[in-house]
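I opened my notebook on this one with a few things to look up. Here is the model I had on screen.

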Amino acid sequence: MDQGTEKFYGDAKKHWESIPPTVDGMLGGFAKISPTDINGSREFIRPFITMGGGETETTRALDCGAGIGRITKRLLLPIFKEVDMVELSQNFLDQAPAFIGEEFSKVKNRFCSGLQDFCPAEGHYNVIWCQWVLGHLKDDDLIKFFQRCQKGLSENGLIFVKENVTTDEREFDSEDSSYTRSLDNLRSLIEKAGLKIILDRKQKGFPKALYNVYMFALRQNGFRYIGTSDDNNDINSIVNVNPYVSYVHRGKCRCTHLYQPVCGVNGITYRNDCVRDLNGVNIAYVGTCITSCPTEYVPVCGVDGQTYYNKCYLKAVGVACAYDGKCVQQCPSEYDIVCGTDGLLYVNDCHRKMNGVGLADMSLCKEKCSLELVPVCGVDGRTYDNDCIRQAAGVQLASTGKCPVICTEEYKPVCGVDGITYGNECKRQKAGVQLASTGECSVVCTEDYNPVCGVDGITYGNECKRQKAGVQLASGGRCPVICTEEYNPVCGVDGITYGNECKRQKAGVQLASTGECPVICTEEYNPVCGVDGVTYGNECKRQKAGVQLALSGECPVICTEEYNPVCGVDGLTYGNDCKRQEAGVELASPGECKKSCTNDYNPVCGSDGLTYMNQCWLIEGGVDVISQGECPKCPSTMNPVCGADGKTYDNDCWLKEAGISFHHQGECCKGYKPVCGVNNRTFNNECELNLQGIAKQYDGVCLAK
């Protein structure tokens, strides 16, 4: 291989290795044309294969320049039992299983090779499909590749080529290192390879900015030469634009083997409409004949939009009558000129059928129209390519030039190839966008969170999801939440009980369980007073009791007049202990004070650890003397302990001084900040969790399981 040739193929390989393995990457950013492309290819191949009445079997096909398998998946696998793929880029072949999906089991071989080096197995393939790849072969290598492909075909096998063509001899694209050849150049190379063109046809429906694309059906020993739908020089040597119906060959009218039965008014079922037409019999209805009906022509329109020969035939197929006379239907404005058995040209096959006329060969028409583009507007509001075509449609002239497009607001959605839903067909045509499908476009939204509020009061995750729901926009951002006061409590993971589900969502807290949160209060002493006059140890205990708050701190003491005397250390007798506490005096003894003791202050320390005013009072209390003077106070050493009252004492002495039971060594745990342990038990805070030696599972109350 010389250096120039090596560079030519090397540059192509580098280019495709830099392309992303997607349909858009395969088609150079024109993924939207893929459905149109596949439909055109499917129509082109169908009459040659057995399922379409042809002679080519559908056992095995080869996809050349297969990429990630777009042609394999959409065109070949629905037709053939097995498909092999040959592709220059290993990256593309590696992506094929994921792209093709379930049908990939029918892909038997994937060859990573340039076509200049590839040799198909001899007699192996019914069809070899080459699309948008032959431009990567030099002329000599293309001829050799075609010759190798001929040997790779089985009996009645065919080679299909689909390529861009240029009006110049050929053009070179340095970006992907490929040639775009002219129609004559392609035909010449095909002929040099020893192949014959059975049929060639221009692909319709692509954007005007793209190259013209032609399809070729090739074989070594060709059947009859059908020709090209763009060649109008000899009408007696070409097929009708529609390959499923009649064509003229060597002066005789022929029909294909396609089985699409129609019933004639003579009660006979014909293989297809072409065979019926050749026999000179009017059509009664589409389908096999069911019963015999009179041959009198009294047309009626069925609710299926089809015109029937008379009411008998309408009833025979079980269709209800819409009205008497021919169906009035709205035909598309696309031009695909056909000839009727009445010798007149029709804009397309719909117009012919609407007039109840059979399909004839173009040679039978009295006049033909050119495809020259000199638009005129008909009184039916349609723009015709030229005045001849308008006259062929039987429509009066409204004006020269294109018709102004005025669309109604009728909502009958269609989806364009740009992924946009248009309100009706008129609006799609006005936008100049090809049709993808009837109905609204399927919407696939991302999970990006960019909330918007709909007029239904619902917050949608993003604008796409709102549009998909068919709801008008109220505002950007989340919808404002307005909750009722209905009490239907739920518990949040923050341990707080919310009045209803709406209030929980508004707070942005996840749900722990339905119903009120379980309340677990600490022993921390931070008193509050309830409206019931009771002092609660802390706020949690008040809430748990279901009592409203009166004030912070202990409740004020209001003593009764009940007489249950106690003696204070001040030597005074109080009517009851409440009154002693209200006076802020320590208790000396129950009962009235004895008059035998004076109030002289000569303190002594009792065995109970209390200081008495004098020894008299100590003896009255039945306590032994420990020492003269006040009882010593506890040391200032910091060795904190937690008492059963929830308070932390500096050391064990002060705990005993207060007369409180021991709870645990160290400071008391404070605050309510629930955590869930690995034992699925909720603790008031992490301190209590650690005291029990339990590992933390997560913050918040344990969720119900």
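My entries follow, starting with the ground rules.

**Ground rules.** This is a predicted model, so I kept to its conventions: local features need pLDDT of at least 70, side-chain atom pairs count only at pLDDT 80 or more, and totals for chains, interfaces and linings use all residues. Residues are numbered from 1 along each chain as its sequence is written, and side-chain values use heavy atoms, with hydrogens and water left out.

**The largest core.** I looked up the nonpolar cores, meaning sets of buried Ala, Val, Leu, Ile, Met, Phe, Trp, Tyr and Cys residues joined through side-chain atoms within 4.5 Å. Buried is under 20% relative accessible area, exposed is over 50%, and partly exposed lies in between (1.4 Å probe, protein chains only). The largest core has 34 residues, and Ile-45, Leu-75, Leu-76, Phe-80, Ile-100 and Phe-160 touch the most other members. Among the elements giving two or more residues to this core I noted helix H3 (34–45), helix H4 (70–76), helix H5 (90–100) and strand S5 (153–166). H5 gives the most, with five residues. Helices (H or I, at least four residues) and strands (E, at least two) are DSSP runs, numbered from the N terminus.

**Ile-100 and the second core.** I then listed contacts (heavy atoms within 4.5 Å). Leaving out residues up to four places away in sequence, Ile-100 touches Ile-68, Gly-69, Thr-72, Lys-73, Leu-77, Met-85 and Val-107. There is also a second, separate core of 33 residues, which includes Phe-8, Phe-146, Val-161 and Leu-189.

**Helix H7.** In H7 (residues 183–192), I found Leu-183, Asn-185, Leu-186, Leu-189 and Ile-190 buried. They line one face of the helix, because seen down the axis they fall within an arc of 165°, the arc being that of the directions from the helix axis to the C-beta atoms. Asp-184, Glu-191 and Lys-192 are exposed on the face turned away from that buried side. The buried residues pack against partners including helix H6 (139–152) and strand S6 (170–173). Just after H7, I noted a positive phi of about 85° at Gly-194.

**Two open sheets.** Strands pair here if DSSP finds at least two bridges between them. S16 (residues 300–302) and S18 share three bridges, and Cys-301 stands opposite Tyr-323. Further along, another three-stranded open sheet has the order S35-S34-S36, also antiparallel. Three bridges join S34 (residues 528–530) to S36, where Gly-530 has Leu-549 as its bridge partner.
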